[in-house]
Amino acid sequence: MLHKTVPIAANPSTFTLDTAHCALLIIDMQRDFLEPGGFGEALGNDVSQLRRAIAPNMALLAAWRAAKLPVLHTREGHRPDLFDLPPAKHRRGDAPLKIGDVGPMGRVLVRGEAGHDIIPELYPLPGEAVIDKPGKGAFFATDIHAILQNLGITQLVVTGVTTEVCVNTTIREANDRGYECLAVADCCASYFPEFHETGLRMIAAQGGIFGWVGTSDTVIAAISQ
Ligand code: TIU
């Protein structure tokens with residue numbers, strides 16, 4: 001597309017998308033979080049709460065690809081030897097399946113296993129960066145900041161799961177590094193609907209303390225012009 005700036009209606013104010021410097025960042029749309037038998041369900045969660053974000057993400061991703069704008073995907077997970085898994089993270093929770101244990105989709109949250117991979121509906125295409133991250137935020141112990149700088153990206157349109165955990169942490173990390181972040185409300189989801197709502201409100205509160213919150217229809221309209 002021809003590069004342009006496009007106003008997008010958002011909270012708490014209009015987000016001015018600069019198509020020369022923006023990327024779509026899809027957080028952790030992995031089978032381990034969204035499908036039965038994975039890490040999310042092992043933690044006692046209802047995965048159907050997350051699946052509502054799949055269709056809106058498919059529509060936004062299709063529009064983003066059609067506009068030939070950059071896409072990045074993240075995956076939360078660990079080395080097969082688990083050397084990058086903090087013992088405190090390993091111990092956390094009373095899940096029957098812990099990180100590294102063998103479940104129905106292979107070893108839970110381990111790179112290279114079926115459950116660790118991105119759901120087929122949103123599978124990355126060649127040319128789209130996949131960032132493997134050991135933590136909740138995409139900027140901890142990854143090369144995403146260098147990649148974004150090399151691509152000249154200053155704005156992130158952020159989607160994925162879960163709203164209050166990895167999406168929120170990543171937006172806070174990005175905001176502190178100078179990126180303008182627009183969270184797309186209907187493309188994010190949480191196992192806890194109230195945390196989804198509050199997680200989004202936290203971003204936009206206080207005049208946009210961490211960023212902006214919009215919806216997929218307005219972003220799709222903006223990049224499809
Ligand atoms: N991707 C992400 O949010 N990781 C989590 O563990 N989230 C939970 O809500 N458990």
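Predicted model: local features only at pLDDT ≥ 70, side-chain atom pairs only at ≥ 80, totals over all residues.
1. Helix 7 contributes three residues to the lining of the largest pocket, the most of any element.

2. The largest pocket holds about 480 Å³ of space. Two elements each give two or more residues to its lining: helix 5 (87-91) and helix 7 (163-176).

3. In total, 22 residues line the largest pocket. Those that lie nearest its centre are Phe39, Leu43, Glu76, Lys136 and Val165. A reader opening the structure can find the pocket from these five names.

4. By class, the lining of the largest pocket has 12 nonpolar residues, with six charged and four polar ones making up the remainder.

5. Two packed helices are described by the angle between their axes and the distance between the axes. For helix 4 (residues 54-66) and helix 9 (residues 216-223), the axes come within 9 Å and the crossing angle is roughly 10°. Because angles under 35 degrees count as roughly parallel, helix 4 is roughly parallel to helix 9. The crossing of helix 4 past helix 9 is left-handed.

6. On the helix 4 side, the contact is made by Pro56, Ala59, Leu60, Ala63 and Trp64. Helix 9 meets them with Ser216, Val219, Ile220 and Ile223. The contact of helix 4 with helix 9 has eight nonpolar residues and one polar residue, and no charged ones.

Definitions and conventions: Residues numbered from 1 in each chain as written. Heavy atoms only, no water. 1 Å grid on protein atoms, 1.4 Å probe; cavity = no way out; pocket = protein on both sides within 12 Å on 5 of 7 lines; lining within 4 Å. Points joined across faces, edges and corners; volume = space filled by probe spheres on them. Helix = DSSP H or I, 4+ residues; strand = E, 2+ residues; numbered from the N terminus. Nonpolar A, V, L, I, M, F, W, Y, C, P; charged D, E, K, R; others polar. Axes fitted to C-alpha atoms, helices over the stretch in contact; angles between N-to-C directions. Parallel < 35°, antiparallel > 145°, perpendicular 65-115°, else oblique. Left-handed = near helix turned anticlockwise from the far one by under 90°. Contact = heavy atoms within 4.5 Å.
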